[in-house]
Amino acid sequence: MGKFSRGAVQLTCLFALITEMVLGTPELRILPSQPTLNRPISQSMLLSCRVDVENKILVTNLQWYDPTGRVIGDNTDSYSLETGMHIERMPDGLFLIFPMLQERHAGNYTCTAKYTNTEELSKTVNIKTFVAITWEDAPEEQYPILMSDYKVRCKVTAKPAPLVDWLQNGDPIKVGGRYIIETDGLLIQNVTEADDGMYTCRAIVIDTGELSERNIRVEVHIPPKFEKMESSVTMVESETASVTCRAHGKPPPTFMWIKSSTQQDLTTADRFSVDRLTGVLTIRDVSKDDDGGYKCVATNAAGKIEHALKINVTLKPRIVAYKNISIPTNKQARLSCSASGRPMPTVTFRKLTSSDRFVLGVQKDDRIVVENTLDIERGETVGSLIISNILRTDDGLYECIAINEGGVAFKNGHLTVEFKPSFASTPMHEAWSWHNNPVNVTCLAESIPNATITWRLNNIEINEKFVDMNVRKFGEGPWSSLQITPLDRKYYGRYTCKAVNQHGSAEHVIVLKEAKRPSEILQAKLDVITATTITFSFIGPADNGSLPTRNYGVLYKEARQDWRDAKNKTWPIDSPYILEGLEPQTTYNFKFAAQNDVGFGDWAAQEHLTMPKRSSPEEPRILTNTKEEGVVMSPYSSRYELTWKIPAHNGEPIDQYTIKFCRVKRVDGMWTEMGYPCDSKDISSTENTMYVLKNLVPDAYYKIELRAHNKIGFSLPGEVIIKTARGGDTPVSATEGPALSTGAIVSIVVASLIIILIFIDVSCYLVNRTGLLMVICEKICGSRTNDEDAKLGSLYSWRFPLPYCSNKDSPGPGLITEKVPETNVSIDEKEPLKDASNKTTIQGSIKKETSVDFDMKKSISRTSFVGKDSAV
Ligand SMILES: *[C@@H]1O[C@H](CO)[C@@H](O)[C@H](O)[C@H]1NC(C)=O
Ligand SMILES: *[C@@H]1O[C@H](CO)[C@@H](O)[C@H](O)[C@H]1NC(C)=O
Ligand SMILES: *[C@@H]1O[C@H](CO)[C@@H](O)[C@H](O)[C@H]1NC(C)=O
Ligand SMILES: *[C@@H]1O[C@H](CO)[C@@H](O)[C@H](O)[C@H]1NC(C)=O
């Protein structure tokens with residue numbers, strides 16, 4: 001009908017307009033001018049009605065009628081409230097206003113008016129309403145849950161009713177499988193993660209040509225699920241521990257921990273902290289009350305799950321009771337140590353002096369057993385260390401050790417082994433007194449508990465009744481001492497100390513004896529004789545008078561004097577017994593005695609001796625540092641510090657020293673002068689024992705001879721071979737010696753000793769030319785009988801190896817006098833080597849001679865003194 005009717009209407013209007021213009025008849029006009037208006041509800045709408053004439057005064061009574069034929073009023077009357085429409089008069093027309101168009105407003109609305117009071121004008125318009133597409137329930141983000149059925153909501157309304165279809169990610173959805181389009185949404189059966197995506201819900205109204213789309217983002221949610229979770233965890237008391245609740249889901253779940261017994265949410269609890277995102281529950285300073293059930297709750301949009309978990313709190317062991325005990329020997333000791341803890345600890349023991357712990361049960365030493373009993377009620381383990389037949393050695397500290405998973409606890413306890421007194425540590429069996437000296441007799445009784453000590457003298461109790469200022473008691477035990485002043489013989493005797501404690505008693509006897517002077521000395525020997533000195537040796541007294549010998553003494557006088565004018569000298573025992581300051585060629589008488597704390601014994605062992613003649617001094621001994629192959633290395637290239645020991649002067653004071661030094665070289669193992677003139681120096685200061693040789697040639701050997709001189713003549717020379725250092729003087733000071741390490745020096749000395757030995761051997765062979773090898777040489781050299789001699793021998797062997805080893809000049813191989821020429825002199829006629837023939841005759845009268853050092857003086861020694869040889 002539309003096209004034709006609209007065309008007809010237009011024609012009619014055109015016709016009316018023309019008629020009006022032609023006939024001058026006005027007409028009503030309604031705008032919008034379509035006879036039918038199709039409008040969506042809920043919108044406001046306005047219709048206007050007017051008359052197009054020049055003279056508006058001619059138009060009156062302009063009205064709007066509703067579909068029921070009622071006149072529509074303005075917005076002040078009740079009609080507009082009731083119907084939701086009203087009119088407004090404007091200068092050139094009348095508006096009909098619908099503030100909000102509703103379905104009930106549909107129908108024909110007529111506008112009427114009168115023209116020149118005669119002509120009735122009317123015009124009608126038809127209003128149709130429709131409902132636009134409205135998204136009633138279609139959220140733009142929706143979250144189905146995995147594995148369930150979910151309807152993607154898209155409730156759309158329109159009138160006429162809309163057609164709805166769906167797109168997924170831009171493509172038409174495949175209906176029929178898991179997807180079912182329903183009026184209010186798209187039902188997805190058994191949602192999978194692949195259902196995530198952008199869904200489009202599209203509504204079309206054919207009548208109105210309306211089309212609307214709604215994009216809905218679908219994200220599949222997955223309910224939380226626990227990963228592998230333990231059902232119990234163990235924490236240690238007072239430590240910090242944590243446990244993690246592990247669950248996944250989409251979106252990731254958040255966590256909560258709840259204590260089962262109190263339903264307390266631990267997120268805010270003291271000492272607890274919960275990380276809502278990671279699920280970690282941390283407990284600080286775990287207490288034993290934390291032991292129990294807990295619940296971990298994991299929640300996300302898709303669901304909520306719970307996991308129950310038991311927290312076991314391990315309590316560290318604690319030693320509750322451990323007492324010291326005291327037990328007598330041979331009884332059974334039981335050390336009990338109670339320890340608490342969860343789980344209940346194992347208790348064992350260790351003796352502090354040992355590093356090994358005892359094992360549970362019987363030990364290797366089967367007297368010792370360790371037991372554990374559980375006291376469930378108190379939650380304690382009682383460990384017992386049981387030692388049967390305890391010995392004194394079991395006394396000591398025992399450590400109780402309680403162990404469980406939470407840790408270890410230690411405590412020491414003392415096992416005191418009581419025992420009866422013993423005097424094992426009282427060494428005193430005898431005591432001595434003399435000259436009424438007070439003396440202490442002392443007892444120390446070992447025992448536990450301490451013993452008390454009483455004393456008896458020869459079975460008479462020493463108590464208050466034994467009133468005697470000469471016996472004083474100090475100490476009642478375990479130590480006690482009697483100070484006795486034996487003014488009378490009765491105080492000498494058996495002193496018995498008796499120690500008593502609850503386990504028994506013990507006695508110890510100390511005999512107090514009177515000490516005496518030593519008996520006579522058995523023998524005195526005149527060992528070494530010079531013109532002015534004698535060295536003695538003694539064979540002590542047969543009876544030392546019960547006390548150790550302290551000194552030996554000599555009483556001596558010149559033969560012509562009376563014993564009353566005798567002089568004396570004492571020496572502490574074991575010192576060199578040297579008597580000095582004697583006159584040469586004077587005959588002396590000697591008596592000897594030993595001395596102990598009581599005093600000197602009787603003077604006895606008479607001897608007499610005529611001192612030898614004055615003679616030239618003994619050979620001065622040159623002091624040297626270490627030698628290499630018998631050569632002393634000088635630390636300097638051009639000088640050498642010579643030091644020596646003052647020799648015995650043999651009756652006349654030394655008035656000078658003479659030093660001679662010559663350059664030498666070694667020829668066939670002998671030091672031979674090289675033909676350069678020798679230097680000589682006299683030193684008249686006799687106190688001197690040091691002289692610096694200067695202007696020496698570097699890297700050269702020198703033989704130095706030192707002689708002492710007195711009125712009678714020169715001594716034999718002390719000799720040394722030195723070698724000056726190479727090149728310029730090294731900065732080494734003389735006292736430091738050569739810059740060699742001790743190790744190097746030792747090895748050099750050892751090497752040089754070996755070389756010396758070989759040297760001697762070869763020399764022997766060369767000189768004797770009889771095929772004498774080392775064996776023979778050893779035989780000759782081996783006849784030395786005295787250690788001192790051997791020392792000197794070795795000293796001289798490198799200097800004079802040939803005469804020393806060769807037997808050509810020797811009157812007999814047994815005569816050691818041959819080795820050292822200066823000892824080759826008779827006691828009374830000691831002279832420098834001038835009279836060689838003398839020696840053989842003299843030798844007959846000397847039973848045995850050895851060379852001995854005392855105080856660095858070399859002298860003749862005898863095993864016994866032979867008086868007749870000393871005749872002048
Ligand atoms: C046990 O003995 C030890 C060592 O002798 C001591 O230090 C500790 O105080 C004693 N304990 C008791 C309870 O007597
Ligand atoms: C004996 O012992 C006591 C106490 O120790 C001490 O005072 C005294 O001097 C001692 N007497 C002697 C002679 O040692
Ligand atoms: C036992 O004697 C010792 C040594 O005199 C002493 O140190 C200790 O205190 C005494 N003990 C007792 C229980 O008297
Ligand atoms: C030793 O001599 C001194 C004086 O020189 C004298 O007083 C002392 O009594 C003498 N000793 C002996 C044991 O004769």
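1. Gln483 has a side-chain N or O atom 3.1 Å from a nitrogen atom of ligand 2. In Asn440, a side-chain N or O atom lies 2.3 Å from an oxygen atom of ligand 2. A polar contact here is a pair of N or O atoms within 3.5 Å.

2. This is a predicted model, in which local features need pLDDT of at least 70 and side-chain atom pairs pLDDT 80 or more, while totals for chains, interfaces and linings use all residues. Side-chain values use heavy atoms, without hydrogens and water; residues are numbered from 1 along each chain as its sequence is written, and chains are lettered from A and ligands numbered from 1 in the order written.

3. Around ligand 2 are Pro438, Asn440, Phe474, Trp479 and Gln483, a residue being near if one of its heavy atoms lies within 4 Å. On its own ligand 2 has 360 Å² of accessible area (Shrake-Rupley method, 1.4 Å probe), and the protein covers 49% of that.

4. Trp479 is found in strand E42, residues 479-484 (a strand is a DSSP run of at least two residues, numbered from the N terminus). Trp479 counts as partly exposed because its relative accessibility is 41%, between the limits for buried (under 20%) and exposed (over 50%).

5. Leu444, Phe474 and Trp479 make a nonpolar surface patch of about 260 Å². Such a patch joins nonpolar side chains within 5 Å, from residues with over 30% relative accessible area and no salt bridge (a side-chain nitrogen of Lys or Arg within 4 Å of a carboxyl oxygen of Asp or Glu).

How values were computed. Polar contact = N/O pair within 3.5 Å; in protein donor to acceptor, adjacent residues only side chain to side chain. Patch = residues over 30% accessible without salt bridge, like charges linked within 9 Å, V, L, I, M, F, W, Y side chains within 5 Å. Helix = DSSP H or I, 4+ residues; strand = E, 2+ residues; numbered from the N terminus. Buried < 20%, exposed > 50% of the residue type's maximum accessible area, 1.4 Å probe, protein only.
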